[in-house]
Amino acid sequence: MKAIKMLVAGLLALMPALAMAQNPAAQGMGVMGQVIFFAGFILIFYFLIWRPQSKRAKEHKALMSGLNKGDEVVTSGGVAGKITKVTDDFIVVEVADNVEIKVQKVAVAAALPKGTLKDI
């Protein structure tokens, strides 16, 4: 009786191996499948995260380098005004008559079309 129990236990232990041997699709991806999966993951990461972020950074850098006196801008804090002075790292923005604030160039979120501030 003990020998039969051991034989049954051994067969049950070998069952998954026998099932995989009969069905090659159940063995997993293999090395090539893992490489393709990893490459697909890298492509998804590149197109959904890295590429759009670098594109936005490039556009913001072009915006900062193109700021000139007289441009109307909105800062990342939501302050809208007209540029009265431009230096290397800072700009002076007139937000009301005779009210000027100094703002870092990197804080500029967008440049507005001319005449936008008069319509507000």
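At 55% relative accessibility, Trp50 counts as exposed, where buried means under 20% relative accessible area, exposed over 50% and partly exposed in between, with a 1.4 Å probe and protein chains only. The model is a predicted one, in which local features need pLDDT of at least 70 and side-chain atom pairs count only at pLDDT 80 or more, while totals for chains, interfaces and linings use all residues. Residues are numbered from 1 along each chain as its sequence is written, and side-chain values use heavy atoms, with hydrogens and water left out.

The structure holds two aromatic pairs. The ring centres of Tyr46 and Phe47 lie 5.0 Å apart with planes at 75°, so this pair is edge-to-face; rings of Phe, Tyr and Trp (its six-membered ring) pair if their centres lie within 6.5 Å, and planes under 30 degrees apart count as stacked, over 60 as edge-to-face and the rest as tilted. The rings of Tyr46 and Trp50 have centres 5.5 Å apart and planes at 70°, so that pair is also edge-to-face. Tyr46, at 32% relative accessibility, counts as partly exposed, and Phe47, at 46%, counts as partly exposed.

## Residues of the largest pocket

The lining of the largest pocket includes Glu72, Lys82, Asp97 and Ile120; a pocket is an open set of points on a 1 Å grid over the protein atoms alone, where a 1.4 Å probe fits, with protein on both sides within 12 Å along at least five of seven lines, and lining residues have an atom within 4 Å of a point.
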